[in-house]
Amino acid sequence: MKINNVCILGAGTLGTRIALQAALSGFQVAVYDINAEAFVASKKVMTKILRSLSLTDEIIAKIKFTTDAAEAVVDADIISESVTEELPLKRQVWAQFSVLAPAKTIFTTNTSYLLPSMLVDSVDRPSLFCAFHFHDVFYSKVVDIMPHPGTSEEVVSLLEDFGRALKQVPVIVRKENPGYVFNYMLMAVIGAAGKLRTKEIASIEDIDKSWMVNFHMPMGPFGILDSIGLDTAWHVTHNLEDAGSQAFAALLKTYIDAGKLGEKTGEGFYKYPAPAYKDPEFLK
Ligand SMILES: NC(=O)c1ccc[n+]([C@@H]2O[C@H](COP(=O)([O-])OP(=O)(O)OC[C@H]3O[C@@H](n4cnc5c(N)ncnc54)[C@H](O)[C@@H]3O)[C@@H](O)[C@H]2O)c1
């Protein structure tokens, strides 16, 4: 098994970034999306990232963008799937590509919280199927490799090499776990920060300050929540049954109802584009 040709499914936030990094790393890349308009936005984001890296945008012309699924996968050695995070949709996409992809193609999903075993019965090659989960690709460079019980060890070690070739740090998740490794820890920190606030033990600012100062971090848990989006955070927290999580979900809901979803709407726990935690005075 050798990887040369990479097929990306979904030209959204993550598909765009994975495609660009794969092209920059010397792989042949084809990007498939059902929506051709996604390609316009995708190319704009690629240009922005390339500029931030002081690179020209020539590489974009080497990437094939297509709404033709068969064309996208024709000689693919690997698929990296980043379609919308919905179980029935992902299952449908995997069933579709099981028919279209050559027998050699390795199947990977970039799902954030689903498990590969929830998808595996919709693929025709379980031993070649694995979760391969990126964080942000250019800034946060860990890639989780999470096999299901039937994934072949050869695929796991191939993905380790492929992850390194994409300039990521591979982390192997030996048992299926929602949130993999980093997101699982992040949820615990954010959950604790939420409880500190809802129990009125400390202010949002003081909770963030204690994390930022001790760990030399550019933002604390509430700043992170603003960057994730309070609506996304509510979806996760609201589904946890314990009283502490429910109290935190209720706090998040007050912000959501006021239209404060975080950075994307200009306000969440902080106001953007110049949140208080970025002010040098904040940590004094
Ligand atoms: N956004 C993140 O920070 C992040 C980080 C890690 C992993 N992920 C995961 O990556 C996946 C994609 O997330 P995103 O944020 O890029 O989503 P997004 O909404 O930005 O993009 C999803 C894309 O999938 C396309 N799509 C929908 N149905 C399709 C189909 N049937 N065939 C082909 N394309 C289809 C949409 O047109 C859209 O362009 C999700 O599973 C998500 O959990 C996201």
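**Notes on the ligand site and the domains**

1. Starting with the ligand: one of its oxygen atoms sits 2.9 Å from a polar backbone atom of Leu-14. The protein covers 77% of the 840 Å² of accessible area that the ligand has on its own (Shrake-Rupley areas with a 1.4 Å probe). Bear in mind that this is a predicted model, where local features need pLDDT of at least 70, side-chain atom pairs count only at pLDDT 80 or more, and totals for chains, interfaces and linings use all residues. Residues are numbered from 1 along each chain as its sequence is written, and side-chain values use heavy atoms, with hydrogens and water left out.

2. What surrounds the ligand? The shell holds 23 residues, the closest being Leu-14, Asp-33, Glu-85, Lys-90 and Ser-112 (a residue is near if one of its heavy atoms lies within 4 Å). By type, that splits into nine nonpolar, eleven polar and three charged, where Asp, Glu, Lys and Arg are charged, Ala, Val, Leu, Ile, Met, Phe, Trp, Tyr, Cys and Pro are nonpolar, and the others, Gly among them, are polar.

3. Helix α4 gives the largest share of the shell, three residues.

4. Thr-111 is in the loop between β5 (106-109) and β6. A polar atom of its side chain lies 3.0 Å from the backbone nitrogen of Leu-114. Thr-111 counts as buried because its relative accessible area is 0% (buried is under 20%, exposed over 50%, partly exposed in between; 1.4 Å probe, protein chains only).

5. Ala-131 belongs to strand β6 and is likewise buried, at 0% relative accessibility. Its C-alpha atom is 4.8 Å from that of Thr-109, 22 residues apart along the chain.

6. Domain 1 runs over 5-172 and domain 2 over 182-283, with bounds from an automatic or database domain assignment. Their centres, taken over C-alpha atoms, are 30 Å apart.

7. UniProt, in an unreviewed entry, lists residues 179-272 as "domain: 3-hydroxyacyl-CoA dehydrogenase C-terminal"; such annotations may be inferred rather than shown by experiment. That span is 65% helix and 0% strand, with its end C-alpha atoms 28 Å apart.

Terms used. Helix = DSSP H or I, 4+ residues; strand = E, 2+ residues; numbered from the N terminus. Polar contact = N/O pair within 3.5 Å; in protein donor to acceptor, adjacent residues only side chain to side chain.
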